[in-house]
Amino acid sequence: MGAYVSIRGWLECDEGQLTAARRIISSHEDDHYSHGWGAPRRHVNWTYYLFYGANIRESAVNWFTGQLREIARIPDADGYFICGLFLASHEVAGMTEWQVREGRLFTSPADTSYRYLD
């Protein structure tokens, strides 16, 4: 049947980056795991947020991280990139932290202080 990974986290960006990120997400639409993406109904102040939360099959993790890598490369007008943080809890392998920064996706074992989320 395969293992599952619980993914939850967010991205921070400006309005133009949000529009570009939504285009990328739409281009990867699968009518299932894509429904994990969401944003506030109304924008508040200056930072735009894009959230993801879903339990996905291990086989779909590359589908998701591919989107994150594309989104990470979107610069704003001043050359700054989208940033964000995700925690991915694999039912067998444990938790990993995914940092979106500097135009890239960085992965590392999650700090033990996040164990309460597993």
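This is a predicted model: local features need pLDDT of at least 70, side-chain atom pairs count only at pLDDT 80 or more; totals for chains, interfaces and linings use all residues.
Student: Where is the place of Tyr114?

Tutor: Tyr114 sits in the segment that follows strand E6, which covers 104-109.

Student: And what is Tyr114 in contact with, leaving aside its neighbours within four places in sequence?

Tutor: With those neighbours set aside, Tyr114 contacts Leu85, Leu87, Met95 and Glu97. As for Ala60, which is 54 residues away along the chain, its C-alpha atom is separated from that of Tyr114 by 23 Å.

Student: Let us take Met95 then. In which strand does Met95 lie, and is Met95 buried or exposed?

Tutor: Met95 belongs to strand E5, residues 94-101. Met95 is buried, because its relative accessible area is 12%, and the limit for that class is under 20%.

Student: Which residues is Met95 in contact with, its neighbours within four places in sequence aside?

Tutor: Beyond those sequence neighbours, the contacts of Met95 are Arg8, Leu87, Ala88, Ser89, Pro109, Ala110, Tyr114, Leu117 and Asp118. Another C-alpha to C-alpha distance is that between Met95 and Ser108, which are 9.1 Å apart in space and 13 residues apart in sequence.

Student: Changing topic to the helices: how many residues has H1, and how far does H1 reach?

Tutor: H1 runs over residues 15-27, which makes 13 residues. From the first C-alpha to the last, H1 reaches 19 Å, close to the 18 Å expected at 1.5 Å a residue.

Student: Which residues of H1 are buried?

Tutor: They are Gln17, Leu18, Ala20, Ala21, Ile24 and Ile25. These residues are on the same side of H1, because they cover an arc of only 165 degrees around the axis. On the other side of H1, the exposed residues are Arg23, Ser26 and Ser27.

Student: What covers the buried residues of H1?

Tutor: The cover includes strand E1 (4-13), strand E2 (37-38), E3 and H2.

Student: What about H2, then: which of its residues are buried?

Tutor: In H2, Val61, Phe64, Thr65, Gln67, Leu68, Ile71 and Ala72 are buried. Viewed down the axis of H2, these residues fall within an arc of 150 degrees, so they line one face of the helix. H2 has 12 residues, 61-72, and its reach of 16 Å is close to the 16 Å expected.

Student: On to the surface. Which residues form a nonpolar patch?

Tutor: Trp10, Tyr49 and Phe51 form that patch, and together they have about 260 Å² of accessible area. Of these, Tyr49 is placed in strand E3, residues 48-57. Tyr49 is partly exposed, with a relative accessible area of 32%.

Student: How many salt bridges does the count come to?

Tutor: The count is one salt bridge. Glu102 forms a salt bridge with Arg101, and their closest N and O atoms are 3.2 Å apart. Glu102 counts as exposed, because its relative accessibility is 57%, whereas Arg101 is partly exposed at 31%.

Terms used:
Residues are numbered from 1 along each chain as its sequence is written. Side-chain values use heavy atoms; hydrogens and water are left out. Patches are made of residues with over 30% relative accessible area and no salt bridge: like charges are joined within 9 Å, nonpolar side chains (Val, Leu, Ile, Met, Phe, Trp, Tyr) within 5 Å. Accessible areas come from the Shrake-Rupley method with a 1.4 Å probe; for residues, only the protein chains shown count as cover. A salt bridge is a side-chain nitrogen of Lys or Arg within 4 Å of a carboxyl oxygen of Asp or Glu. Helices (H or I, at least four residues) and strands (E, at least two) are DSSP runs, numbered from the N terminus. Buried means under 20% relative accessible area, exposed over 50%, partly exposed in between (1.4 Å probe, protein chains only). The expected span of a helix is 1.5 Å times one less than its number of residues. The arc is that of the directions from the helix axis to the C-beta atoms. Contact means heavy atoms within 4.5 Å.
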